[in-house]
Amino acid sequence: MEHFQTFQVLPNIPEPLSFLEELSRNYWWSWELEAKELFRRIDWELWENSGRNPVLLLANVPQKRLLELSTDPGFLDHQARVKALFDARIKAPFQGAYKEIYDREGAVAYFSMEFGIHETLPIFAGGLGILAGDHLKAASTLGLPLVGVGLFYRQGYFHQRINKDGWQQEEYPETDLYHLPLEKVHDEQGHDVRITIPGPSEDIKAVIWKVSVGRVPLYLLDTNLRENPPHIREITAKLYVSDQSIRLAQEILLGIGGVQALKAMGMQPKVFHMNEGHPVFSCLERLAQTMEMHGVDFRAARETIPRTTVFTTHTPVPAGHDEFAPEMVKPYLYPFEGRLNVSADEILSWGQHAGAGENNNFSMFVLGLRMSQYLNGVSELHGQVARRMWRNVWPHRPEAEIPIGHVTNGIHIPSFASRDNAMVFQNRLGVNWHRNAWKRENLKEIDAINDMDLWEAHKRCRNRLIKNCRHLLKKQCERRNAPKNVVDAAESVLDEDVLTIAFARRFATYKRANLLLRDLDRLNEILGNEERPVQIIYAGKAHPTDEEGKGLIRHIFKHASDERLRHKIVFLEDYDIHMARLLVQGADVWLNTPRRPLEACGTSGMKAAVNGVLNVSILDGWWCEGYTKETGWAIGKGEDYDAHSDSDLVDSHALYNVLENHVIPCFYERDGGAVPFQWIKMMKASMKMILSDFSSLRMVEEYEKRFYAHACRSYGEMLDNNGAGAQKMADLRERYRSKWGDISIEPPVWERRGMEPIRVGEVFPVTAKVYLGDLKPHEVHVELYHGSVQSLDTIWESHTERMTVIDDLGNGSYQYTCDLTCASSGQYGFSARVSPQGDALVKCTPGFVTWARD
């Protein structure tokens, strides 16, 4: 049917309960315990049946019940407490230090392909989206003036079903947006705010939805418009489609359309944060808008955009980054030729590897590298991996100096802490526990928690998990038309008093979900031990095109269906945030078995740890920083292997050993009582570790101090006074580019006394002759580069000493010197180099470094 008009009928909420409607439309309720309990109090059964969706709950609660609550003193008092919290935390204006640095609402724009806010808004696939959602929640708590930008996928990521043979099947139900807290963005005349992007064959038109995440607005673009042809409407249908043309169109819409949307709403962020490479087309639109709005030329805009851009990568392998054929990308670039005064071919080259040729694929990551000053991985190890992986972009720089740092991910703790643990924390740390617990001076309160209270809270979480597992497994069996005896057996799977291991994550092959199943005889002995039994819960999705990942699911499903293991191993289908919460709150052990170093971070282990669930993990991602003997167990010792078969064999044996010799004995050691005191001690250590070091509050504050604040200042420095600062930097860069090829430096010469051995504590001068051509000494930085050596061409643990001019030799040549102190014994080496003066962006320009040569 075409050309019909729509309208929505809202529930008739009694005036004393009017706040419930406002509360239901802000996802703040999803992490505030008192707010969640308020909705559960209305009708707990209806709450669960509505998928914990307050908008749907209010639409379906009987009018009689609403009238009852409108005169219930206890409920109204509860509502008043929640409203007071809401007004204080959500409606208060931005103030303090952030107000001084960021002079406008939405000063920081955070772009991501997916956002995992809550299971009721299914626009996420996994860890990347959850991390993005946690970023917004933390920004809200901190009062940071940030906005999120993404896409509204009306079918989201797929729902998973496992057939009777164990194969994953995908379903894409339409999301009922009328039962979501979405608000369409309108202009002052009440019309939809729309953006239009020229496409290869026709324009891409989109509207904008607003989602309130506490104090932070999240804007989602949607192409599902009647005037769009079907293939354009499909752009925002599904997340992570395999069709390359749709995938490219999504990233064009997110990047270019997202920046257009902010402008259309009257917002001018100063800082842009790109969560992974999907949004990097935003840089092109920002270049054009900077030129148009500030009246500067392309060179000045090109200096401004990197200095105001943060680029976070989550992918530890080059193949994980999106690349597109040039002929696919170029049609989207033609409109920028006139706006930037640059050819489409040159723009295309910004996303191609240097020297790769014009037919090389366009890499979103390469464009992101070239358009961002602030680059980071998401754990310390991942930062090292990223520097090694992309050192070819800076071919003359030591790996340790590649300008890719790291900010280790953190989690939004109140979103994942169980209500039982939250009450324990609240009793020790007060109602603001999740806002203050990450301060180290409060951590001693965790040790003071009564052991029995903590253990009873954890047992309630485990019981809740197993109850839900039984319910879900019964539904799975019924849907597959399993025999009655199998359906009945599902109601008694697992045991509330047995050590429970959880493995729940994306089923990519490198995560090795089957590592625990490599030696079935040994596993059977572990699971079947009558005195110290163990049970395992698996959950996770494979990408629809990942046949190997689907094979892993089938492999586990088959073992879970085996009569000997049916009550010991289960696989839960359709893994989502709700199921993840149950697992990270109720399991005893969180198992993580990636091939090192392919796990960029792995935040699910943090969510488990804050609930006292102990990690058993390969030393990869965040666990390299979190692991101690007090907080959990390591599988192996951080070895890297060239052959997968070698690592799988060694790591599987190490895993069995850890379980048999350490984990299982620790759990069942009760010292004659009912409580495993050593296990509880490790639970507390694990909780303290997360509260202090792996909170999203710490993470966002680190981004703000290290990147956002500097980028915000750079915005003013570049664009104030009609872009004078940006023009100065453009002129400086052009001067370096035209003169740098003339620079040369002779090998440094050191002065020592004859052939006597060099002793610790000795100091000797080093000199070097440098030819600068037309450049002057104040324009360059000459350094002695030195450190210990383990091979002829590599310096380890490098250090630098600033060299100063001692003699002008004429004709552009200068003599430089510095002192070198021998601080410790060993084999050492040194060289010298010249780099530009200026800020970090200029200094790190590929090609702007010259080393001493014979």
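Is His 559 buried or exposed? His 559 is buried, with a relative accessible area of 15%; here buried means under 20% relative accessible area, exposed means over 50%, and partly exposed lies in between, using a 1.4 Å probe and protein chains only. Before we go on, please keep in mind that this is a predicted model, in which local features need pLDDT of at least 70, side-chain atom pairs count only at pLDDT 80 or more, and totals for chains, interfaces and linings use all residues. Residues are numbered from 1 along each chain as its sequence is written, and side-chain values use heavy atoms, with hydrogens and water left out.

Back to our histidine. His 559 sits in helix 24, residues 547-561. Helices (H or I, at least four residues) and strands (E, at least two) are DSSP runs, numbered from the N terminus. Not counting residues up to four places away in sequence, His 559 touches Leu 517, Leu 520 and Leu 565, where contact means heavy atoms within 4.5 Å.

Now turn to strand 8, residues 216-222, where seven of its seven residues are buried. Val 216, Leu 218, Leu 220 and Asp 222 point one way from the strand, while Pro 217, Tyr 219 and Leu 221 point the other way. Strand 8 also has partners, and two strands pair if DSSP finds at least two bridges between them. Strand 2 (residues 146-151) runs parallel to strand 8 and is joined to it by four bridges; Leu 151 has Leu 221 as its bridge partner there. Strand 7 (residues 204-213) runs antiparallel to strand 8, with seven bridges joining the two, and Lys 210 stands opposite Tyr 219. Strands 7 and 8 form a hairpin with two residues between them, and Gly 214 in the turn has a positive phi of about 65°.

Next, follow the chain to the loop between strand 9 (271-275) and helix 11, where you will find Glu 276. Glu 276 has a positive phi of about 75° although it is not a glycine. Most residues other than glycine have a negative phi, and most peptide bonds are trans. Glu 276 is also buried, at a relative accessible area of 5%. His 278 is in the loop between strand 9 and helix 11 too, and at 9% relative accessibility it counts as buried. Leaving aside neighbours within four places in sequence, His 278 is in contact with Met 113, Leu 128, Tyr 240, Arg 247, Glu 251, Leu 254, Asp 322 and Met 364.

Why is helix 11 described as largely enclosed by the rest of the structure? The reason is that 10 of its 13 residues are buried; among them are Cys 283, Glu 285, Arg 286 and Gln 289. Just after helix 11, Gly 295 takes a positive phi of about 65°.

Two further loops deserve a look. Leu 494 lies between helix 22 (484-490) and strand 15 (499-504). Its phi is near 65°, a positive value in a residue other than glycine, and at 6% relative accessibility Leu 494 counts as buried. Finally, Pro 597 is found in the loop between strand 18 (589-592) and helix 26 (604-609). The peptide bond from Arg 596 to Pro 597 is cis, with omega near 5°.
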